Amino acid sequence: MLGLVSNSSGTLPVDVLKAALPIGLGLASAAFLTLKLSHSSNGFSSDKSIPTVPLRPGDTTHDAEYREGPDLFLSRCEQEFGPVFNCYIQGQSVTAVSGRLVREVFLNDNFSFSDAIDDMTGIRAFTQSVVKSNGDPDNTLAHEMIRDNISPNLPLFTPRIVDLLESILDNKLGYCEAKLVKNPLLIIQEMVASAMANVFMGPEVAKDPKVIETFSQCTYDFAKILEGTRTKASWNAFFNRRKYGNKMLNPMHHHVQVLVTAAAPVILERRRQEAEALAKHEAGDTMAHYERPLDVLQKFLDNFDKYHFVDLEDVCGHILMLVLASVHTTSDTSTNLCYYLAAFPECMEPLLEEQNEVLDQMTQEREKLRQDQMDKDEVQSMDDFKGTDLDPAKDREFSAQALKKMVKMDSFVREIFRYRTERLSLVHTARKRVMLSNGMYISEGAKVIINNHSVHQNMEMQGEDVSDFRPWRFVGKTKNATKAATDYLPFGMGKHACPGRFLAIQQLKTVGSLMISKYSKIDVQDKSKAKAVLLSRLGDPLATGLIFTSRGSNAKTSKE
Ligand code: HEM
């Protein structure tokens, strides 16, 4: 691979590659992962003053009671034992932390989500064998990579993302007259994988079907690894460390190679074009210039030394880690959003009305900008706008600006996260003994789990009817779907809060907007399973399909 990338500064020692950490979550939520692990009998190492919730007669863990009614179980625990209590759940002994105290877990570096995932799965050995550089126990690099290369460019990425999401939807689902789709995740996964591949690897690489296959499938291979054995979690971690620390046995190695093989010729061609433009420029052609492609691959290569990458394989390893964090999480939640549209059909028309109002407003604003330029003689005729940012053909596109103005859609999405998010999740390991502000101590090595129920189903924080799905709950409030805070935890909070949430929410809002503009009706195939799907956990298989009906024969079903 040498020669494709600029001179490297050599391999950095890799201590712990926490950049891969997001996968622990991204994969399918800590709950999904940990539930696959079996019970640890380590007991609690927390302060003895922390109450332990007694088991129901006949139960050996709290899992059954929790699964039967998580809200009921956790309300009872909080009422009887207060905001901090021990229970045996999701395969381990954990201390649940509730309400205002959750911020003390998220904001204290002595609580680590990545340590907890590694304790349970041995994931760090696995990730170390996928990438070669950048050992970063606090995962600041992955944050930085997303913060500097993806989030600020989101408005520029948006047209490509929307275009791909729409064309694949048209291609795979198209015009429907009560068409049953047993597994809509497959369609949405392809939509999201294609959009993410375009953003991460660039349009040329993303044309390769093998790359799309890697983007949509690598998470499943990864899940198989984490599923591991059904023995003790610690054995599971031990086994994974031994097996997947070996590069050749690590299935991610194959996916990295797919990316490298597809990227190499594209990078060479980009280099050739750049050199050609430079040569022309030097020969006096002042118009000749090379337009740098806008994608994460190019950004990483341009910052090769800054990020201390080793070679192209290393760059692709890092990209693969981002894929594991992003594609399945976004596909799963976007699919779930369609089930909410089906379960609450009364939302479809208000959402479509809002969409039309926003697009009308955008059209008027853009028309005014065009007219201003005409009045100032900056352009000769309306035809001059063709192919520019102000092209009238783009007036009704779902631009980043238009999506931002869709406040009902935003509230709908945030309410889905509030309503659905797993009630107990995000296990953190205490790196040191920590005293919480209520005076209780969490001992070094103890596992703490976040009681999301105490936040998302809390009337003081969320308003009334917390057990109901109220789509417009957040309209008119300064609480948008990306705002990670003490009253909204689907993306965590504090310095480790998911840095990809801006991209994820924008894709979710786009999928929702496409669905309501193209389909007048979405029904759940088996209504008896509708509620179960709404409350499914990230990564759960879908219990039933969806039936789609297009908005009449004039519906826009293909991109001409
Ligand atoms: C609906 C989709 C998503 C959900 C629900 C989600 C959720 C989360 C959560 C709960 C965390 C842990 C936060 C904490 O420890 O406090 C996290 C971390 C992370 N996520 Fe996401 N995420 C999503 C999409 C994405 C996307 C699209 C990307 C990449 C573009 C991404 C990249 C990351 C990274 C790098 C971290 C690690 C942050 C750290 O440890 O400092 N996520 N995510």
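The model is predicted.

Helix 10 covers residues 184–201. At 1.5 Å a residue, its 18 residues should span 26 Å, and a distance of 25 Å between its end C-alpha atoms agrees with this. Because 16 of these 18 residues are buried, helix 10 is largely enclosed by the rest of the structure. The helix is followed by G202, which has a positive phi near 95 degrees.

One partner of helix 10 is helix 16, residues 312–343, against which helix 10 packs with the axes 9 Å apart and at an angle of about 140 degrees. The crossing of the two helices is right-handed. On the side of helix 10, the contact is made by P184, L185, I188, Q189, V192, A193, M196, F200 and M201. Helix 16 contributes I319, L322, V323, S326, V327, T330, S331, S334, T335 and C338. An α-helix has 3.6 residues a turn, so residues three or four places apart point the same way.

Helix 14 runs through residues 252–282. Its 31 residues should span 45 Å at 1.5 Å a residue, and the end C-alpha atoms, 44 Å apart, agree with that expectation. Just after the helix, G284 adopts a positive phi of about 110 degrees.

C498 lies in the loop between helix 21 (459–462) and helix 22 (501–518). Is this cysteine, C498, buried or exposed? C498 has 22 other C-beta atoms within 10 Å, and it is therefore buried, the threshold for that class being 20 or more. Leaving aside residues up to four places away in sequence, C498 touches F491 and G492.

Helix 22, on one side of that loop, has 18 residues and reaches 25 Å from its first C-alpha to its last, close to the 26 Å expected at 1.5 Å a residue. Helix 22 is mostly covered, with 16 of its 18 residues buried.

Conventions. Residues numbered from 1 in each chain as written. Predicted model: local features only at pLDDT ≥ 70, side-chain atom pairs only at ≥ 80, totals over all residues. Helix = DSSP H or I, 4+ residues; strand = E, 2+ residues; numbered from the N terminus. Expected span 1.5 Å × (residues − 1). Buried ≥ 20, exposed ≤ 12 C-beta atoms within 10 Å, placed from the backbone. Contact = placed C-beta atoms within 7 Å. Axes fitted to C-alpha atoms, helices over the stretch in contact; angles between N-to-C directions. Left-handed = near helix turned anticlockwise from the far one by under 90°.
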